[in-house]
Amino acid sequence: MTDQTATEPTPRRRSLLVLLPLVIFLGLAALFWSRLGNGDPSRIPSVLIGRPAPNTPLPPLPELARDGAPVPGLDPAALKGKVSIVNVWASWCVPCHDEAPLLVELGRDKRFQIIGMNYKDAADNARRFLGRYGNPYDVVGVDGNGRAGIEWGVYGVPETFVVGREGTIVYKLVGPITADNINAVLKPEIEKALKAGS
(Lines give C-alpha, C1' and ligand atoms only; values in the text may rest on other atoms or scores of the structure.)
Protein backbone atom coordinates (compact mmCIF):
# COMPACT_ATOMS: atom_id res chain seq x y z
CA MET A 1 0.00 0.00 0.00
CA THR A 2 2.78 2.42 0.75
CA ASP A 3 4.20 1.95 -2.77
CA GLN A 4 0.97 3.18 -4.37
CA THR A 5 0.83 6.20 -2.13
CA ALA A 6 4.39 7.13 -3.06
CA THR A 7 3.64 7.10 -6.83
CA GLU A 8 0.43 9.17 -6.71
CA PRO A 9 0.98 12.76 -7.88
CA THR A 10 0.64 15.54 -5.37
CA PRO A 11 -2.47 17.74 -5.65
CA ARG A 12 -0.43 20.61 -7.11
CA ARG A 13 1.13 18.35 -9.74
CA ARG A 14 -2.28 16.88 -10.56
CA SER A 15 -3.75 20.33 -11.21
CA LEU A 16 -0.80 21.13 -13.53
CA LEU A 17 -1.45 17.94 -15.49
CA VAL A 18 -5.13 18.84 -15.83
CA LEU A 19 -4.23 22.32 -17.15
CA LEU A 20 -1.64 21.07 -19.66
CA PRO A 21 -4.15 20.11 -22.41
CA LEU A 22 -5.89 23.49 -21.99
CA VAL A 23 -2.58 25.36 -22.33
CA ILE A 24 -1.67 23.34 -25.46
CA PHE A 25 -5.11 24.00 -26.96
CA LEU A 26 -4.91 27.74 -26.29
CA GLY A 27 -1.42 27.89 -27.80
CA LEU A 28 -2.54 26.12 -30.99
CA ALA A 29 -5.68 28.27 -31.20
CA ALA A 30 -3.56 31.43 -30.95
CA LEU A 31 -1.22 30.15 -33.67
CA PHE A 32 -4.09 29.29 -36.04
CA TRP A 33 -5.82 32.59 -35.33
CA SER A 34 -2.70 34.63 -36.08
CA ARG A 35 -2.04 32.71 -39.31
CA LEU A 36 -5.66 33.01 -40.40
CA GLY A 37 -5.82 36.76 -39.75
CA ASN A 38 -2.49 37.66 -41.36
CA GLY A 39 -2.83 35.77 -44.62
CA ASP A 40 -3.97 37.36 -47.84
CA PRO A 41 -5.55 34.52 -49.85
CA SER A 42 -4.68 36.25 -53.11
CA ARG A 43 -1.01 35.95 -52.17
CA ILE A 44 -0.93 32.15 -52.08
CA PRO A 45 2.31 31.24 -53.83
CA SER A 46 2.25 29.17 -56.98
CA VAL A 47 5.00 26.74 -57.92
CA LEU A 48 4.13 27.45 -61.56
CA ILE A 49 5.35 31.06 -61.54
CA GLY A 50 8.29 31.25 -63.93
CA ARG A 51 7.46 27.89 -65.51
CA PRO A 52 5.78 27.08 -68.83
CA ALA A 53 2.00 27.00 -68.72
CA PRO A 54 0.67 23.44 -68.49
CA ASN A 55 0.06 21.66 -71.78
CA THR A 56 -3.69 21.23 -71.33
CA PRO A 57 -5.70 21.28 -74.55
CA LEU A 58 -9.40 21.81 -73.82
CA PRO A 59 -12.42 21.49 -76.10
CA PRO A 60 -14.48 24.59 -76.95
CA LEU A 61 -17.71 25.47 -75.19
CA PRO A 62 -20.33 24.03 -77.57
CA GLU A 63 -22.37 26.51 -79.59
CA LEU A 64 -20.51 29.55 -78.24
CA ALA A 65 -19.92 32.25 -80.84
CA ARG A 66 -18.35 35.69 -80.75
CA ASP A 67 -18.81 38.19 -83.57
CA GLY A 68 -20.55 35.48 -85.60
CA ALA A 69 -17.64 33.01 -85.41
CA PRO A 70 -17.32 29.97 -83.13
CA VAL A 71 -15.09 30.58 -80.11
CA PRO A 72 -12.22 28.07 -80.18
CA GLY A 73 -11.19 25.78 -77.34
CA LEU A 74 -7.82 26.02 -75.63
CA ASP A 75 -4.88 24.99 -77.78
CA PRO A 76 -1.67 25.29 -75.70
CA ALA A 77 0.05 26.82 -78.76
CA ALA A 78 -2.27 29.85 -78.32
CA LEU A 79 -0.34 30.71 -75.14
CA LYS A 80 2.79 31.60 -77.10
CA GLY A 81 3.51 34.74 -79.06
CA LYS A 82 1.02 36.95 -77.22
CA VAL A 83 0.47 37.91 -73.57
CA SER A 84 -2.49 35.92 -72.26
CA ILE A 85 -4.80 36.35 -69.31
CA VAL A 86 -6.15 32.93 -68.34
CA ASN A 87 -9.27 33.21 -66.18
CA VAL A 88 -10.74 30.12 -64.48
CA TRP A 89 -14.48 30.64 -64.06
CA ALA A 90 -17.86 28.93 -63.74
CA SER A 91 -21.49 30.05 -63.86
CA TRP A 92 -22.11 28.54 -60.40
CA CYS A 93 -19.28 30.63 -58.88
CA VAL A 94 -20.74 33.67 -57.07
CA PRO A 95 -17.54 35.79 -57.20
CA CYS A 96 -17.32 35.07 -60.96
CA HIS A 97 -20.55 37.05 -61.39
CA ASP A 98 -18.95 39.99 -59.58
CA GLU A 99 -15.75 39.95 -61.65
CA ALA A 100 -17.46 39.44 -65.04
CA PRO A 101 -18.02 43.16 -65.81
CA LEU A 102 -14.37 43.89 -64.95
CA LEU A 103 -13.22 41.13 -67.32
CA VAL A 104 -15.41 42.57 -70.09
CA GLU A 105 -13.77 45.97 -69.50
CA LEU A 106 -10.31 44.34 -69.50
CA GLY A 107 -11.17 42.56 -72.75
CA ARG A 108 -11.41 45.90 -74.58
CA ASP A 109 -7.60 46.13 -74.48
CA LYS A 110 -6.45 44.25 -77.59
CA ARG A 111 -2.75 44.15 -76.65
CA PHE A 112 -3.36 40.77 -74.99
CA GLN A 113 -5.84 37.92 -75.25
CA ILE A 114 -8.19 36.68 -72.55
CA ILE A 115 -8.63 32.93 -72.30
CA GLY A 116 -11.43 31.42 -70.26
CA MET A 117 -11.18 28.03 -68.61
CA ASN A 118 -14.76 27.02 -67.85
CA TYR A 119 -14.43 24.84 -64.75
CA LYS A 120 -16.82 21.93 -64.01
CA ASP A 121 -19.81 23.74 -65.49
CA ALA A 122 -22.87 22.85 -67.56
CA ALA A 123 -22.60 24.18 -71.13
CA ASP A 124 -26.08 25.79 -71.10
CA ASN A 125 -25.35 27.59 -67.83
CA ALA A 126 -21.95 28.79 -69.08
CA ARG A 127 -23.47 30.17 -72.31
CA ARG A 128 -26.25 31.86 -70.33
CA PHE A 129 -23.64 33.41 -68.01
CA LEU A 130 -21.71 34.85 -70.97
CA GLY A 131 -24.95 36.03 -72.58
CA ARG A 132 -25.85 37.90 -69.42
CA TYR A 133 -22.52 39.66 -68.79
CA GLY A 134 -20.86 39.63 -72.21
CA ASN A 135 -18.05 37.43 -73.47
CA PRO A 136 -14.59 38.87 -72.78
CA TYR A 137 -12.86 35.65 -73.90
CA ASP A 138 -11.03 35.13 -77.18
CA VAL A 139 -10.78 31.42 -76.32
CA VAL A 140 -12.94 29.30 -73.99
CA GLY A 141 -11.76 25.83 -73.04
CA VAL A 142 -14.06 23.50 -71.11
CA ASP A 143 -12.51 21.75 -68.10
CA GLY A 144 -15.43 19.45 -67.40
CA ASN A 145 -13.67 17.08 -65.00
CA GLY A 146 -11.31 19.58 -63.34
CA ARG A 147 -8.14 17.84 -64.55
CA ALA A 148 -6.73 20.96 -66.25
CA GLY A 149 -7.46 22.94 -63.09
CA ILE A 150 -5.32 20.51 -61.12
CA GLU A 151 -2.46 20.85 -63.61
CA TRP A 152 -2.71 24.64 -63.42
CA GLY A 153 -2.64 24.47 -59.60
CA VAL A 154 -6.11 25.98 -59.19
CA TYR A 155 -7.15 26.29 -55.52
CA GLY A 156 -10.68 27.45 -56.29
CA VAL A 157 -12.76 29.45 -58.72
CA PRO A 158 -12.13 32.18 -59.81
CA GLU A 159 -8.41 32.41 -60.40
CA THR A 160 -6.53 34.42 -63.00
CA PHE A 161 -3.08 33.83 -64.50
CA VAL A 162 -0.90 36.17 -66.54
CA VAL A 163 1.09 34.25 -69.14
CA GLY A 164 3.97 35.95 -70.98
CA ARG A 165 4.60 35.80 -74.72
CA GLU A 166 6.94 32.86 -74.34
CA GLY A 167 4.20 30.81 -72.65
CA THR A 168 5.53 31.18 -69.10
CA ILE A 169 3.24 31.93 -66.16
CA VAL A 170 4.37 35.24 -64.68
CA TYR A 171 1.59 35.96 -62.16
CA LYS A 172 -1.34 34.28 -60.43
CA LEU A 173 -4.29 36.01 -58.74
CA VAL A 174 -6.22 33.77 -56.38
CA GLY A 175 -9.80 34.90 -55.92
CA PRO A 176 -11.93 37.31 -57.92
CA ILE A 177 -10.80 40.32 -59.87
CA THR A 178 -12.13 43.33 -57.96
CA ALA A 179 -12.29 47.08 -58.51
CA ASP A 180 -9.37 47.37 -56.07
CA ASN A 181 -7.01 44.68 -57.34
CA ILE A 182 -7.58 45.18 -61.08
CA ASN A 183 -5.79 48.56 -61.02
CA ALA A 184 -3.45 48.00 -58.08
CA VAL A 185 -2.26 44.49 -58.96
CA LEU A 186 -3.53 42.86 -62.15
CA LYS A 187 -3.03 45.68 -64.67
CA PRO A 188 0.54 46.40 -63.45
CA GLU A 189 1.37 42.67 -63.80
CA ILE A 190 -0.08 42.68 -67.33
CA GLU A 191 1.97 45.78 -68.21
CA LYS A 192 5.13 44.08 -66.92
CA ALA A 193 4.41 41.06 -69.13
CA LEU A 194 3.75 43.29 -72.15
CA LYS A 195 7.01 45.21 -71.63
CA ALA A 196 9.01 42.00 -71.04
CA GLY A 197 8.23 40.70 -74.50
CA SER A 198 8.62 43.89 -76.50
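Helices, in what follows, are DSSP runs of H or I with at least four residues, and strands are runs of E with at least two, numbered from the N terminus. What you have on the screen is a predicted model.

By that count the protein chain has six helices and seven strands. Going along the sequence, the order is α-α-β-β-β-α-β-α-β-α-β-β-α. The chain has 198 residues, and 41% of them count as buried. Its accessible surface is about 11,600 Å², with 60% of that belonging to carbon and sulfur atoms. As for contacts, take those with a separation of 6 or more: 75% of them are between residues 24 or more positions apart.

Start with Asp121. It is found in the loop between β4, residues 113–119, and α4, residues 123–133. What is the nearest side chain of opposite charge to Asp121? That is Arg128, and it is 8.4 Å away. A salt bridge here requires a side-chain nitrogen of Lys or Arg within 4 Å of a carboxyl oxygen. Asp121 has no salt bridge, yet it is buried. The Asp121 side chain does make a polar contact, at 3.1 Å, with the side chain of Asn118. Setting aside neighbours within four places in sequence, Asp121 touches Trp89, Ala90, Ser91, Trp92 and Ala126.

Next, Leu74, in the loop between β2, residues 69–70, and β3, residues 84–89. Is Leu74 buried or exposed? It counts as buried because its relative accessibility is 5%, and the cut-off for buried is under 20%. Again leaving out neighbours within four places, the contacts of Leu74 are Thr56, Pro57, Leu58, Ile115, Val139, Val140 and Gly141. One of these, Leu58, is 16 residues from Leu74 in sequence, and the two C-alpha atoms are 4.8 Å apart.

Last, the surface. Which residues form the nonpolar patch there? They are Leu17, Leu20, Ile24, Leu28, Leu31 and Phe32, and together they have about 600 Å² of accessible area. Take Leu28 as one of them; its place is in helix α2, which covers residues 11–38. Leu28 has a relative accessible area of 42%, so it is classed as partly exposed.

To recap: Asp121 is buried without a salt bridge, Leu74 is a buried loop residue, and Leu28 is part of a nonpolar surface patch.

Note on methods
Residues are numbered from 1 along each chain as its sequence is written. This is a predicted model: local features need pLDDT of at least 70, side-chain atom pairs count only at pLDDT 80 or more; totals for chains, interfaces and linings use all residues. Side-chain values use heavy atoms; hydrogens and water are left out. Patches are made of residues with over 30% relative accessible area and no salt bridge: like charges are joined within 9 Å, nonpolar side chains (Val, Leu, Ile, Met, Phe, Trp, Tyr) within 5 Å. Accessible areas come from the Shrake-Rupley method with a 1.4 Å probe; for residues, only the protein chains shown count as cover. Buried means under 20% relative accessible area, exposed over 50%, partly exposed in between (1.4 Å probe, protein chains only). Lys and Arg count as positive and Asp and Glu as negative; His and the chain ends are not counted. A polar contact is a pair of N or O atoms within 3.5 Å; within protein, one must be able to donate a hydrogen and the other to accept it, and residues adjacent in sequence count only if both atoms are side-chain atoms. Contact means heavy atoms within 4.5 Å.
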